[in-house]
Amino acid sequence: MQHQTIGILGGSIKILILSLGLLALATSLLLIPPKFFDARSFAEADPDKYTSLGDGWHRIDLGPFSIDTPDRFYHVRKRGIDSYVGLITDRKDSMHFDFGWYSYSYGDGRYLRSHDTIHGQKVIIAFKNDHIAGVHFPLLNKSNKLTVSTAQLSDQDNRRIIRSIKINGISGPTSSVLGQNKESDLFISGSSLFKANCTSCHHLDKKIIGPALRGVVSRTSVEWFTNWVKNPMEFIRTNPRAAQLFEEYNQTQHIRFSTFTDEQIKSLIEFVEQERQHAVPEKNYPRVVACQ
Ligand code: HEC
């Protein structure tokens with residue numbers, strides 16, 4: 001009887017020791033310096049590919065194109081079918097790129113899309129929840145397209161990254177809205193301004209308390225829009241069409257946002273109008289001609 005108990009105890013002690021051993025092994029594996037993943041060793045191994053930009057960023061030359069990123073990011077190649085696919089990663093966070101015939105164009109309705117130009121190339125910038133989600137170059141040399149998705153960085157960093165993308169052998173002016181506080185910036189601030197002040201009564205596509213606002217400025221005018229926002233009661237008094245709308249909406253008094261600056265009005269317009277542009281169907285973009 002006693003022997004048996006000792007036997008069982010002995011057994012569990014062995015198991016305990018074994019599991020402690022395994023635990024120690026696992027811990028030590030985790031604690032090994034992640035040399036393999038060190039961006040610097042990648043850069044040292046491939047000095048032609050990485051050029052330091054001196055401010056904690058480097059330029060990665062990926063062959064068909066180059067891209068600037070914070071220098072903790074490095075390139076890892078993945079296998080793609082008919083395309084050059086890769087990962088630019090700092091281990092925690094990654095950007096993906098796909099250079100080939102079938103690169104994703106963010107056209108399936110899950111993204112807001114804005115047109116832009118980078119180094120002379122027409123591109124589509126994709127937004128999700130007001131953040132830049134990626135960029136698509138619809139037509140490059142021959143029949144290739146390029147898509148680069150962003151990592152979870154600040155919009156400022158992502159802008160810099162996207163704006164830096166340069167297709168090798170092709171150059172041109174960068175008239176990028178990403179650069180100098182143009183459409184995409186306006187769009188982002190307009191979007192949050194709209195959410196904070198207008199969505200309780202306005203939807204872009206359906207009438208709720210107030211009318212649907214998508215494309216309202218192109219249906220009317222900047223003046224019409226500005227007056228409704230900044231000076232509605234005066235507008236209703238002096239403009240018969242405004243008065244008519246006011247009647248249609250059971251004389252609901254419009255809130256007066258008199259403190260909105262011109263820039264804020266512009267951003268709201270960018271939002272209600274650019275939304276419409278985002279809905280432009282894919283077929284309006286240059287089509288890839290496969291035979292060449
Ligand atoms: C409390 C509800 C409410 C809020 C908040 C509101 N609106 Fe309105 N809006 C209306 C109503 C109702 C109308 C219809 C005219 C009326 O009765 O005043 C209207 C009309 C408009 C029109 C004219 C639409 C057309 O079809 O010509 C514009 C433009 C407009 N609003 C913009 C805005 C913007 C931009 C904001 C946010 C900054 C905003 N509104 C906030 C209720 C609201």
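The buried residues of helix 3 pack against strand 3, strand 7, strand 9 and strand 11. In this predicted model, local features need pLDDT of at least 70 and side-chain atom pairs count only at pLDDT 80 or more, while totals for chains, interfaces and linings use all residues. Residues are numbered from 1 along each chain as its sequence is written. Helices (H or I, at least four residues) and strands (E, at least two) are DSSP runs, numbered from the N terminus.

In helix 3, the buried residues are Asn158, Arg159, Ile161, Ile162, Arg163 and Ser164. A residue is called buried if 20 or more other C-beta atoms lie within 10 Å of its own, exposed if 12 or fewer, and partly exposed in between, with C-beta atoms placed from the backbone. Across the chain, 24% of the 292 residues are buried. The secondary structure comes to nine helices and eleven strands.

The largest nonpolar core has 29 residues, and Phe65, Ile67, Ile125, Val135, Val148 and Ile165 have the most contacts inside it. Such a core is a set of buried Ala, Val, Leu, Ile, Met, Phe, Trp, Tyr and Cys residues joined through C-beta atoms within 7 Å. Helix 3 (155-164) is one of the elements that give two or more residues to this core, and strand 3 (65-70) and strand 9 (131-137) are also among them. Strand 8 gives the largest share, five residues. A second, separate core of eleven residues includes Leu186, Ala242, Leu268 and Val272.

Strand 9 is mostly covered, with five of its seven residues buried. Strand 8 and strand 9 form a hairpin with two residues between them, and Asn129 in the turn has a positive phi of about 45 degrees. Two strands count as paired if DSSP finds at least two bridges between them.

| Strands | Bridges | Facing residues |
|---|---|---|
| strand 8 and strand 9 | five bridges | Phe127 and Ile132 |
| strand 9 and strand 10 | four bridges | His136 and Thr147 |
| strand 3 and strand 11 | two bridges | Ser66 and Lys166 |

The mean pLDDT of the chain, on the predictor's confidence scale from 0 to 100 for each residue, is 78, and 73% of the residues reach 70 or more. Over residues 32-36 the pLDDT is below 50, and this stretch has one contact beyond near neighbours in sequence. Residues 171-181 also stay under 50, but for these the model has 26 contacts beyond four places in sequence. Two residues are in contact if their C-beta atoms, placed from the backbone, lie within 7 Å. Among contacts between residues at least 6 apart in sequence, 53% join residues at least 24 apart.
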